[in-house]
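Please keep the sequence and the coordinates at hand.

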Amino acid sequence: MPSSLLFSELADWLCFSGSRSSAIHHHDVRVAQHLIGSAQGHTQEVCGLQWSPDGKYLASGGNDNVLNIWSNDMSESSQPLHSFNQHQAAVKALAWCPWQPSLLASGGGTADRCIKIWNCNSGVCLNSVDTKSQARGLLHCHYSTVVLVHRPGTECCSSTSISPRYRVL
């Protein structure tokens, strides 16, 4: 049973699913025997997947607190280009910057409470912001990152804006 599902930016018939078994599966939805490959980069459930706007990178977040960055030519033997373990809880919230396609924001769960901004060309964490609560969703909007934060035990969410101060080349 997939825990996350994402269609490819490269071809609308190519689908990726994150599984509870810690694998990322590749599917060709045009054929009955649709599973065409799998990649292993997590030790627990894959709970977040997101393609970069230019289709160069696939980000995967897991319940193992790991954020992996994959090349778009993933194969059975491929390893992540970058594997980040700086989050202290599951990595579910992922958002690529539309105007700087190698810039990624990732959000950690309750024990982490941080949004981290990554340069995926260099593999460097550019910024980390304590949100005081788990990040459930991220969205880039016209020159800022909008952070949606769920307050446990309540029905409300709050948002804040993080202005990027970094230029990625």
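Predicted model: local features only at pLDDT ≥ 70, side-chain atom pairs only at ≥ 80, totals over all residues.

Setting aside neighbours within four places in sequence, Phe84 touches Asn65, Val66, Leu67, Ile69, Trp118 and Gly123.

The largest nonpolar core has 11 residues: Tyr57, Ala59, Leu67, Ile69, Phe84, Val91, Leu94, Trp96, Leu104, Trp118 and Cys120. Strand E6 (57-62), strand E7 (67-71) and strand E9 (91-96) are the elements that supply two or more residues to this core. The most comes from E9, which contributes 3 residues. A separate core of 10 residues lies apart from this one, and its members include Ala95, Ala105, Ile117 and Leu138. As a general point, nonpolar side chains in soluble globular proteins tend to be buried together.

E9 also takes part in a sheet. An open sheet of 4 strands has the order E9-E10-E11-E12, with antiparallel pairing. Its edge strands are E9 and E12 (124-130), each of which pairs on one side only. From one strand to the next, the twist averages 20°. Between E9 and E10 (residues 103-108), which run antiparallel, there are 5 bridges. One of the residue pairs here is Ala95 with its bridge partner Ala105 in E10. Both Ala95 and Ala105 are among the members of the 10-residue core. In a regular strand, side chains alternate between the two faces of the sheet.

The aromatic rings come next. The structure has 3 aromatic pairs. One of them joins Phe16 and Trp51, with 5.3 Å from centre to centre and 75° between the planes, in an edge-to-face arrangement. Phe16 belongs to strand E2 (residues 14-19) and Trp51 to strand E5 (residues 46-51), so that the pair links distant parts of the chain, 35 residues apart. Phe16 and Trp51 are both buried.

Why does the pair of Phe84 and Trp118 count as stacked? The ring centres are 4.0 Å apart and the planes meet at 20°, so the pair is stacked; the limit for stacking is under 30 degrees. Phe84 is in strand E8 (residues 82-84) and Trp118 in strand E11 (residues 114-119), so this pair ties together parts that are 34 residues apart in sequence.

Another antiparallel pairing lies elsewhere in the chain. Strand E3 (residues 23-28) and strand E4 (residues 35-40) run antiparallel and are joined by 5 bridges. The two form a hairpin, with 6 residues between them.

Some totals complete the picture. The protein contains 15 strands and 0 helices. Of its 169 residues, 50% are buried. Among contacts with a separation of 6 or more, 38% are between residues 24 or more positions apart. The accessible surface amounts to about 8500 Å², and carbon and sulfur atoms account for 51% of this area.

Definitions and conventions
Residues numbered from 1 in each chain as written. Heavy atoms only, no water. Core = buried A, V, L, I, M, F, W, Y, C linked by side-chain atoms within 4.5 Å. Buried < 20%, exposed > 50% of the residue type's maximum accessible area, 1.4 Å probe, protein only. Contact = heavy atoms within 4.5 Å. Pairing = 2+ DSSP bridges. Axes fitted to C-alpha atoms, helices over the stretch in contact; angles between N-to-C directions. Phe/Tyr/Trp six-rings, centres within 6.5 Å; stacked < 30°, edge-to-face > 60°. Areas by Shrake-Rupley, 256 points an atom, 1.4 Å probe, with all protein chains shown as cover.
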